[in-house]
Amino acid sequence: DGSLLFQQVPMVEIDGMKMVQTRAIANYIAAKYNLYGKDLKERALIDMYVEGMFDLNELFMYYEIQPADKKEQHFANMMDKATNRYFPVFEKALKDHGQDFLVGNQFSRADVQLLEIILMAEEFKPGILAKFPLLQSFKARISNIPTIKKFLQPGSQRKQPVREEDVPKVIAIFY
Amino acid sequence: MSGKPRLTYLNGRGRMEPVRWLLAAAGVEFEEVFLQTKEQYDKLIKDGVLLFQQVPLVEIDGMKMVQTRAILSYIAGKYNLYGKDLKERALIDMYVEGISDLMQIILMLPFSPPDAKEKNLDSLKEKATNRYFPVFEKVLKQHGQDFLVGNKFSWADVQLIEAILAVEEKIPAVLSGFPQLQAFKTKMSNMPTIKKFLQPGSPRKPPPDDHYVETVLKVFKR
């Protein structure tokens, strides 16, 4: 039907546009709802943090579709990156400014994305935040924001982690 | 400290080339530091200069920026190459992200094992001619303007001309079915800042060769 600009999903119909490309969509929503910092420099910081999180998210996303003989190594690599490359950065950011939110003392998409990635990481390894006290309190604090609290409750539009048995279906649709 | 942006990367295109293009298109002069050894790279990491222990790194306006998209967004925003409002921005973002997916194929080509090279080249040709170029051909045809978005030069135009030239290096006749893109290519190539960037002696880097691949593997070896 020609609805997908580059023949791919995600696709989000919003404000008369048929938007594709996850980052473009997320950028638009963040800016529209004032979750993108107050100026260019805060935006730059948010973008850096969020891009790092996207990289980690990609590792998580591709875990389930790894062939059996590559799964263990992939798991070790993603856990290593989470605990040695990404989480220390956000722990330090929170420690350095002592504020509730990652950027500009104001709730932004960086906080949303960080909570999302923390929860995903914990699904893979429950104790993963053991060495990150500030991320633990960040997690508790952001989870209690009313809109987020609601999203974390059963019955919301939040989706379950992909199950191993669903992977062939995904592959059949896209590949 | 000159006040010019300073780019740290290998002496080659890789993930830094779109940044070079965008700064050049905006008429912004910059300095470059080239990583040639693993020791140089390890030192950068040890000095805590790389937020996620990765390059590209662009020092600009007092920030040590990493993550190519973050860097490009900042430059586009700063130099008014990001549209006039949120919706134009959204369109630019969609186009740029699509082109980035295409460029990712080119980025990976030199690193494919020899038996996969031809398959990957076919994939490039297929994606360029069936998925990406038709979109921009159609956009240009529909509004009949010189630039992709909002009748004004933007990041999207820079990204597209970069991609067209990069694909043509691999597949010389790739634009044969795309008259609008051919005209676009000519127009963009003649814009003063871009024309300058396309001349010998500019910061533009040559296509990756074996020496570049060797350096990448050496510097980033873990």
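Tutor: In what follows, a residue counts as buried when its relative accessible area is under 20%. The model under discussion is a predicted one.

Student: Is B:V28 buried or exposed?

Tutor: B:V28 sits in the loop between α1 and β2 (31-34) of chain B. Its relative accessibility is 12%, and the limit for burial is under 20%, so B:V28 counts as buried.

Student: How far apart in space are B:V28 and B:T193, C-alpha to C-alpha?

Tutor: Along the sequence, 165 residues separate B:V28 from B:T193. In space, the distance from C-alpha to C-alpha is 9.2 Å.

Student: How many aromatic pairs does the structure hold, and what kind of pair do A:Y86 and B:F52 form?

Tutor: Over all chains, the structure holds 17 aromatic pairs. In the pair of A:Y86 and B:F52, the ring centres are 5.2 Å apart and the planes make an angle of 45°. An angle over 60 degrees would be edge-to-face and one under 30 degrees stacked, with the rest called tilted. The pair of A:Y86 and B:F52 is therefore tilted.

Student: Where do A:Y86 and B:F52 lie?

Tutor: This pair crosses between chains. A:Y86 belongs to helix α3 of chain A, while B:F52 lies in the loop between α2 (38-46) and β3 (57-60) of chain B.

Student: Are A:Y86 and B:F52 buried or exposed?

Tutor: A:Y86 has a relative accessible area of 3%, and B:F52 has a relative accessibility of 1%. Both values fall under 20%, so A:Y86 and B:F52 are buried.

Student: What kind of aromatic pair do B:W21 and B:F197 form?

Tutor: B:W21 is in helix α1 (residues 17-25) of chain B and B:F197 is in helix α8 (residues 192-197) of chain B, so the pair links distant parts of the chain, 176 residues apart. Their rings are 5.0 Å apart, centre to centre, with 65° between the planes. Since an angle over 60 degrees counts as edge-to-face, the pair of B:W21 and B:F197 is edge-to-face.

Student: Are B:W21 and B:F197 buried or exposed?

Tutor: The relative accessibility of B:W21 is 2%. For B:F197, the relative accessible area is 3%. With the limit at under 20%, B:W21 and B:F197 are therefore buried.

Student: Which residues form one aromatic cluster with A:F6?

Tutor: The cluster draws its members from chain A and chain B. Together with A:F6, its members are B:Y95, B:Y132 and B:F136.

Student: How many cavities of 30 Å³ or more are there, and how much space lies in the largest cavity?

Tutor: The count of cavities of 30 Å³ or more is two. The space in the largest cavity is about 100 Å³.

Student: Which elements give two or more residues to the lining of the largest cavity?

Tutor: The lining of the largest cavity consists of 13 residues, and A:N27, A:E51, B:R69, B:S73 and B:E97 lie nearest its centre. By class, five are nonpolar, two are polar and six are charged. The elements that give two or more residues are α1 (22-32) and α2 (40-61) of chain A, together with α3 (68-78) and α4 (86-108) of chain B.

Student: What is the volume of the second largest cavity?

Tutor: Among the residues lining the second largest cavity are A:Y28, A:R43, B:R89 and B:D93. α1 of chain A and α4 of chain B each supply at least two residues of this lining. The volume of the second largest cavity is about 30 Å³.

Student: Which element gives the most to the lining of the second largest pocket?

Tutor: The second largest pocket holds about 540 Å³ of space. It is lined by 21 residues, and those closest to its centre are A:Y49, A:V89, A:K92, B:G48 and B:L51. Two or more residues come from each of α2 and α3 (68-97) of chain A and β4 (63-66) of chain B. With eight residues, the element that gives the most is α3(A).

Student: How much of residues 39-162 of chain A is helix?

Tutor: UniProt lists this span as "domain: GST C-terminal", in an unreviewed entry. Its end C-alpha atoms lie 37 Å apart. The span is 0% strand, and its helix content is 69%.

How values were computed. Residues numbered from 1 in each chain as written. Chains lettered and ligands numbered in written order. Predicted model: local features only at pLDDT ≥ 70, side-chain atom pairs only at ≥ 80, totals over all residues. Heavy atoms only, no water. 1 Å grid on protein atoms, 1.4 Å probe; cavity = no way out; pocket = protein on both sides within 12 Å on 5 of 7 lines; lining within 4 Å. Points joined across faces, edges and corners; volume = space filled by probe spheres on them. Helix = DSSP H or I, 4+ residues; strand = E, 2+ residues; numbered from the N terminus. Nonpolar A, V, L, I, M, F, W, Y, C, P; charged D, E, K, R; others polar. Phe/Tyr/Trp six-rings, centres within 6.5 Å; stacked < 30°, edge-to-face > 60°. Buried < 20%, exposed > 50% of the residue type's maximum accessible area, 1.4 Å probe, protein only. UniProt positions renumbered as here; feature names shortened; annotations may be inferred.
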